[in-house]
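Work through the two exercises below with the sequence and the coordinates open, and try each task before reading its solution.

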Amino acid sequence: MIHSSSFLLPNTTAGEEEDNRRHSPTYALVLLNQRLPKFTPLLWQHARVRVCADGGANRVYDEMPLLFPHEDAAHVRRRFKPDVIKGDMDSIRSEVLSFYSELGTDVVDESDDQDTTDLHKCIAYINGVMPNVDKSSFCILVTGALGGRFDHEAGNLNVLHRFSTTRITLLSDECLIYLLPKTHRHEIHVNSSAEGPHCGLVPMGMPSGRTTTTGLQWDLNDAEMRFGGLVSTSNIVKAERVTVESDADLLWTISIKKF
């Protein structure tokens, strides 16, 4: 299973865009109710569909104009119109809901479902509207998934496991996280201009009896990892290609450089 954070790299020139689109991964974007990373406009341009999870629409409305301080705020808000707002609708402000509804954004109210998180609802929605997408080259990018309340972060990590066959990347200004399922050998292509060098591998759900890596400063060789024992945090990427094999699902995290 090959992984790359190419969505953090600048877009190609106009002359290359059409050709690259045929060969590039397909991205969807989910925006949660936490501060938008500075690179959100770049993710927005990469994405085929943009979904705000409830109060995530407040963040787009309030914070996207701050990323373009020399432009008219109303123009920025119209340009960055989400395709869908979905969730239990307990956080979105009424004026924000009205603004995007009038622009044509679809609103899906699932206030009757209190057993799943807003992120879970959004992932299920995207999988439903993109059923025929090639899963090997499809990834859902999630902003605002890290850095807030810990119970929210834990819920977001749980979503990675609930949808383990869907590539999902959780993002903040400081780092990204995604799941490395034990069913695959993983090859991670590191974009050193945008990410690293600090990284980590964390077993979640169950201990790892054997994990082997290459490309890290402190590589693992059939190492056991578990909470209460060894966990490979504060590691360092030393190569442009990192490989990981494990008998347990692992979380991969790597720092993001300042934009």
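**Exercise 1. Determine whether Cys 199 is buried or exposed, and which cysteine sulfur is nearest to that of Cys 199.**

Solution. Cys 199 has a relative accessible area of 5% and is therefore buried, where buried means under 20% relative accessible area, exposed over 50% and partly exposed in between, with a 1.4 Å probe and protein chains only. The model is predicted, so that local features need pLDDT of at least 70 and side-chain atom pairs count only at pLDDT 80 or more, whereas totals for chains, interfaces and linings use all residues. Residues are numbered from 1 along each chain as its sequence is written, and side-chain values use heavy atoms, with hydrogens and water left out.

Next, apply the disulfide rule, a pair of cysteine sulfur atoms within 2.5 Å, which gives a count of 0 disulfides. For Cys 199, the nearest cysteine sulfur belongs to Cys 175 and is 12 Å away. Cys 52 is likewise in no disulfide, the sulfur of Cys 122 being the nearest at 8.3 Å, and Cys 52 counts as buried because its relative accessibility is 0%.

**Exercise 2. Find which residues of α6 meet α7.**

Solution. Begin with the axes (lines fitted to C-alpha atoms, for helices over the stretch in contact): those of α6, residues 118-129, and α7, residues 150-162, come within 9 Å and cross at roughly 30°. The two helices are therefore roughly parallel, a term for angles under 35 degrees. Taking contact as heavy atoms within 4.5 Å, Leu 119, His 120 and Ile 123 of α6 meet Asn 156, Val 159 and Arg 162 of α7.

Key: Axes are lines fitted to C-alpha atoms, for helices over the stretch in contact, and angles run from 0 to 180 degrees between N-to-C directions. Helices (H or I, at least four residues) and strands (E, at least two) are DSSP runs, numbered from the N terminus. Angles under 35 degrees count as roughly parallel, over 145 as roughly antiparallel, 65 to 115 as roughly perpendicular and the rest as oblique.
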